[in-house]
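Here's a quick tour for someone meeting this structure for the first time. Have a look at it, and then we'll walk through a few spots together.

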Amino acid sequence: MGIDVRARDGIAAVVIDYPPVNALPAQGWYDLAAAVTAAGADSATRVVILSATGRGFCAGVDIKEMQRLDGHEGILRASRGCFDAFAAVYECPVPVIAAVQGFCLGGGIGLAGNADLIVAADDATFGLPEVDRGALGAATHLSRLVPQPLLRAMVYTCQTVTARQLHEFGTVLRVVPAAELRAAADSVAAEIAAKDPLVIRLAKQSLNGIDPVDVHRSYRYEQGFTYELNLAGAGDRARRAFVNGQREPASAGEGG
């Protein structure tokens, strides 16, 4: 259980493994950030694949852990960890491919939205349950995946969209049967890894440089409202209700 890293032929595979639903504890987000950063810093790495074990890519943060910690420690550690992990994916010097199966929620959206490419299984769904969890965040990253009117509807209603819908928008590169997800991600990664590594690294840097939105500043702005909700008591009430009642991973997670 944890973050596993495997490297071969210039491709670094960073794998999330936090059963049962890949809801990461605070330390898991820091570990994920460190793993992606280290992979990108290795001169032998030409592309990173970010994937997960189990039936879902990522259900966000571990809300039950947050509720066990005293005071504001839980929300602060999780929020900082999410920020570092999302930033590590975005700032990775080489392209990052998110290989998404099952549910991609909350913090999962932060990871996938900051990736360079997404390859998804045909059972993949994407969404932000933050409003139902008394939090806000990762709309910055969802806005990289869906049009603005749909983004607002998804935030307000917590509805999800499918991988096929995102493929129609052009934000998911390929949709494949779940059994073929790993091979599909490997195929795209191999195509990138075959390019001149210096050109690819500079291409990543140049594309980040022309982004119309500063994702770090935008996400940090969102996080301020999560802190406000927490101080007002709404965040704790929503998390407590989740821990005491609703258990379904399809509505788990919180972006931080």
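## Starting with T140

Which residues does T140 touch, leaving out those up to four places away in sequence? They are V215, S218, Y219 and E222. Keep in mind that this is a predicted model.

T140 itself sits in helix α5, which covers residues 139-142. With a relative accessibility of 5%, T140 counts as buried, because buried means under 20%. Two of its neighbours get a bit more detail. The T140 side chain makes a polar contact with the side chain of E222, at 2.6 Å. The T140 side chain also reaches the backbone nitrogen of Y219, at 3.4 Å.

## How α3 and α4 meet

Next, a pair of helices. As a rule, two packed helices are described by the angle between their axes and the distance between the axes. Here, the pair is α3 (residues 73-91) and α4 (residues 107-114): their axes come within 8 Å and cross at roughly 15°. Angles under 35 degrees count as roughly parallel, so α3 is roughly parallel to α4. The crossing of α3 past α4 is right-handed.

Who's doing the touching? On the α3 side, A85, F86, A87, V89 and Y90 make the contact, and on the α4 side it's G107, G110, L111 and N114. Sort the residues of this contact by type and you get 6 nonpolar, 3 polar and no charged.

A few places in the backbone are worth a stop. To find P20, look in the loop that runs between β2 (11-17) and α1 (26-41).

Then there's A138, in the loop between β7 (125-127) and α5. A138 isn't a glycine, yet its phi is positive, at about 70°. What is its relative accessibility, and is A138 buried or exposed? The value is 0%, so A138 counts as buried.

C158 has a positive phi too, near 65°, and C158 is likewise a residue other than glycine. You'll find C158 in the loop between α6 (148-157) and β8 (161-162). C158 has a relative accessibility of 14%, which means that it counts as buried, the cut-off being under 20%.

Conventions:
Residues are numbered from 1 along each chain as its sequence is written. This is a predicted model: local features need pLDDT of at least 70, side-chain atom pairs count only at pLDDT 80 or more; totals for chains, interfaces and linings use all residues. Side-chain values use heavy atoms; hydrogens and water are left out. Axes are lines fitted to C-alpha atoms, for helices over the stretch in contact, and angles run from 0 to 180 degrees between N-to-C directions. Helices (H or I, at least four residues) and strands (E, at least two) are DSSP runs, numbered from the N terminus. Angles under 35 degrees count as roughly parallel, over 145 as roughly antiparallel, 65 to 115 as roughly perpendicular and the rest as oblique. A crossing is left-handed if the near helix is turned anticlockwise from the far one by less than a right angle, and right-handed if clockwise. Contact means heavy atoms within 4.5 Å. Ala, Val, Leu, Ile, Met, Phe, Trp, Tyr, Cys and Pro count as nonpolar, Asp, Glu, Lys and Arg as charged, and the others, Gly among them, as polar. Buried means under 20% relative accessible area, exposed over 50%, partly exposed in between (1.4 Å probe, protein chains only). A polar contact is a pair of N or O atoms within 3.5 Å; within protein, one must be able to donate a hydrogen and the other to accept it, and residues adjacent in sequence count only if both atoms are side-chain atoms.
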